[in-house]
Structures are given as C-alpha cells and as structure tokens.
Amino acid sequence: MSNGTHLVIIGGGPAGNSAATWAARFGAQVTLVEREIVGGAAHLLDCIPSKAMIATGGAMSATKRFAGMGIEQHDVEIDVDSIAERISGIVGRIQSTTTELLQSQGVTILRGEARFVSDREVVVTSAEGEARIEGDAFLVATGSRPRIPTWCSPDGERILTTRDCYPPKVFPKSIVVVGSGVTGVEFVHMFSSFGSEVSLVVSRQQVLPGKDAEAAAALEDRFLARGVKLLKGARAQSIEHEGDEVVVRCDDGRVARGTHAVLAIGSDANVEGIGLDDAGVKLDERGYIGVDAYCRTNVPHIYAAGDVSGKLPLSSVASMQGRKIAEHVMGMLRVDHRVLDYDKAASAIFTQPEIADVGLAEAEAFSSGRKIRVTKVPFSSTPKALIHNDPHGFVKLISDPNTGVVLGGTIVGRHAGELISVVALAVTANLKVSDILESLLVHPSLAEALTEAAE
Ligand SMILES: Cc1cc2nc3c(=O)[nH]c(=O)nc-3n(C[C@H](O)[C@H](O)[C@H](O)COP(=O)(O)OP(=O)(O)OC[C@H]3O[C@@H](n4cnc5c(N)ncnc54)[C@H](O)[C@@H]3O)c2cc1C
C-alpha cells in the first residue's frame, strides 16, 4: 500500500535497488528507471565478474597449496568459454533475482534513459518513446564508469578498461596493468593466477596507497614471488600499439611492454545528460553530486547515492546509502537511527593474500597524533592455518589504550574478507577488545587469531 509518497529512482544498481525495495516496504510508490542492466552496471559488469574470475584463478592456484596437503598435483587447463559462460550465468541470476525482488515489493521498473526536466519531473526515453514522470522525491543513483585519461584510447581488444576484461575472450600472454589501487592489484592478481606475465605501473613507492603499509608490503612480496614486474614511482604517459605489442611509456622514461594493457586508474561519475542543471542539482569540486549526511543534494527532495555521490565507491556502501535514503524519505528516522559513518565501512581486496580492513588505520592514527594500541598476530600461530597449509598473513587490531574500544583492524590472509566482519561489528557497536576476547569462537578456526590479538 502506498502512503502517497512517490519516489522516482534513476539507476538500478545497489544504491537504487536497495532504496527502491526499502521505500516500497515502508509504503512508498516507487518507480525505478534503468537504462542498461537491473542490478547495476558497475555492480554487475565490474564487481561481480571480477570476483568470479578471481575465484576461478584462486581455484587454479589452490592446486599448489593442495600439493603440500598430500594431494598429487595435476596440471589444470583454462577453458575460457566455460569461464565466460559461468560469469554470464552468475550475472544473469543476480539480475533476475534483483528484478523479482523489486517486482515482489511492487516497484515499477521502467527500462530507458532518465533525465530531469525540472526538480519535480523526469523524462524517460526508450525505444517505445518518451514518458514523463512526476515525483515527490528523487534519487540519482547513476553510478560510474571506468576513467579514461586523455593520453590513452582503449580499443577494447588490446588496450583495455577494466570493463573490457570480462567475460574473457582470451587470456593475455603478457599484460601491463596501469594503476596500483584496489582494482589494479586485483587485476594483477587475476591475470597472474591465469598465467599471464604481468607488469604493474605503480605511481608511488608502494602499491595500495592509503592502506596498511605492512599489508601492502605482504602483497608486493607475493607479487614478486609470482614474477610480477613492479615499476615503482612511475606514471604512465602513453599507451600505444607497436607491432604486436602494446607499449606503456612512463614519465621517467621507463617503458613496459605486453600483448595487452589495462587501465585501472579509477572511475568517473555518471553525471552527464541527466538534466542536473534543469533540476538545480550542483556538483562538488571533484565532479560528484555533493550530498549531506542524509544523502540529500542541495535540492532537499533530490537525493544521490552510490558512486555518483563521491563517497566510498563500494557496493556495500551504495546499498546502505539506499536504505538510509528510504528511511529518510519515508520519515522513518527512529530514535536508534544512525547516520551513515563511512569511516566504519569494511572493505576487502581480493588478492592473494586477501586483505581486508575497517575503521582507523595505524598510519592515520600516527599522522593525527592519536594514541592507539596495536596488536598483531600472525596466522601461522593458529592451528587452522597450518591445517590448510596456508600460514601467510596476520591480524592487526587497533584499539583505544584507555578504554579498550576497538577502533579498527587489518587482516591479511585467507578469508580476510569474511573475518573482518567480526572487527567491523566491534567497530560499529563500540565493542571492546575484551568483548572479542570473551567470545567463545570455534576451534580450530582462523578467527582464533582475532581472540589472540585481543589478549
Ligand atoms: C573492477 C571493479 C571491482 C569492484 N569490486 C567491488 C567489490 O569487490 N566490492 C564492492 O563493494 N564494490 C566493488 N566495486 C565497486 C562497485 O561496483 C560500485 O561501488 C557499485 O556498483 C556502485 O553502485 P551504484 O548503484 O552507485 O552504481 P551502478 O552499479 O553502476 O548502478 C548504476 C546504474 O544506473 C544506470 N544509469 C545510469 N544513468 C542512467 C540514466 N540516465 N537513466 C537510467 N539509468 C541510468 C546504469 O545503467 C547502472 O546500471 C568494484 C568496482 C570495479 C570497477
């Protein structure tokens, strides 16, 4: 049943579809407009396929770990077509379950391209023509696309954006990855797992700027052990075809060559062609739609969420913003309503070793002069890591030395992305290290490293 509020959403990614389902559940009339893929372009064409390919690459390299577990090693072969089919299957399934969920909540899904013509009306253009929709509240959740610099023209064949990499057509013999942030290192890991020779152009002196330095160093060590070439302190200036090769030239004169190159230098917000001027919505100085703590733009009944809002570019954050917007639109802010705290978002990097973190980072605390207690425990001290023949990595807990409240943590190693949930809960709920210590966890489990770190 609708309470009369009509929420119009542009974009059906995690931000849009979570706002749609929650608002419909709270009684709003909801119209969601999507031009390409219900479930989200960045979500279903970037996030999910990259993780599916990394999982296949991980399964291939697991054979090396199994060799130390009494299992004879067998050669494995890549079947590119099966991988492509698997990815399409996963994406298709998520797309249809998302559509079914939206429809089951009574959300009207319109296929087409939406643009504001005023702050109260959007026009949707599709093959069938144009439809005008008026609303009481609007959400712009149009996502982002891979950033393409002026000095490079990707051709989708040899010079790639991240979105050109899947479903895979071939696995490159050799590839130069430009950009050593989260996406760049995941691509290095993915291609090297599949046997490509990989070079990585790292603009600073260490991969993963802003992440825990010990975690970044552990990843670099693993890359070097796999034969990845690191070009540190180099900025790519041009990427061009030369015969059968792709040549990446850097500002310090160094050159990296491969059969392919992939750009992983971030993304740009989809803010063009959606009539933001006609609605009076302003961009911030970085080109994103500026939002307040409730994800409202400068026009109070127009919200923005997900990658377009310039906060953390994560699916999990986009979904949470969507839910918070639904609560705000529907006046559901209860006493226990919490404004989204982006500093408490957990995130993971799906490499080997896997890296995950949440909350305050050690370097951040030192640079702000904040006193912290840091405890670090290697996984090699847990029986489970030895049982699984993978003792790499560590757990690092950061807490307040006076109160014992957990402020953050970094985990490096197998299942880091799952294990960080415990620390994320502690950080969100202001739990103390003693709460982790007193938890009766499973034995043997990797999570025992967390209780050890809490000792
Ligand atoms: C390679 C890669 C890997 C990633 N891995 C992870 C990960 O492991 N974990 C994680 O949390 N995040 C990951 N991310 C980030 C994540 O994909 C994004 O943060 C998330 O998808 C953002 O959601 P969104 O709703 O803002 O945008 P999207 O998912 O892009 O959805 C926006 C939708 O809006 C539609 N749209 C745009 N303009 C219009 C219009 N005018 N009319 C109608 N529809 C329109 C688009 O078609 C699109 O479907 C990854 C990103 C990349 C690039």
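Three strands form an open sheet in the order 13-14-15, and their pairing is antiparallel. Strand 13, residues 236-242, and strand 15, residues 255-258, sit at the edges. Each of these edge strands pairs on one side only. From one strand to the next, the twist averages 20°.

Keep in mind that this is a predicted model.

How do strands in a sheet hold on to each other? They pair through backbone hydrogen bonds, either parallel or antiparallel. Here, strand 14, residues 245-250, runs antiparallel to strand 15, and four bridges join the two. Look for V248: its bridge partner in strand 15 is A256.

Now zoom out. The protein has twelve helices and 23 strands. Its radius of gyration is 23 Å, close to the 23 Å that the globule rule gives for 455 residues, so the protein is as compact as a globular protein of that length. The C-alpha trace spans about 65 × 65 × 45 Å along its principal axes. Of the 455 residues, 44% count as buried.

What about contacts? Residues 24 or more positions apart account for 65% of them.

Last stop, the ligand. It is surrounded by 38 residues, and the closest are G11, G13, G40, G143 and G306. Several elements give two or more residues to this shell, among them helix 1 (14-25), strand 2 (29-34) and helix 7 (315-329). Which helix gives the most? Helix 2 does, with seven residues. By class, the shell has 15 nonpolar, 16 polar and seven charged residues.

Conventions
Residues numbered from 1 in each chain as written. Predicted model: local features only at pLDDT ≥ 70, side-chain atom pairs only at ≥ 80, totals over all residues. Near = placed C-beta within 6 Å. Nonpolar A, V, L, I, M, F, W, Y, C, P; charged D, E, K, R; others polar. Pairing = 2+ DSSP bridges. Axes fitted to C-alpha atoms, helices over the stretch in contact; angles between N-to-C directions. Rg over C-alpha atoms; globule rule 2.2 N^0.38 Å. Buried ≥ 20, exposed ≤ 12 C-beta atoms within 10 Å, placed from the backbone. Contact = placed C-beta atoms within 7 Å.
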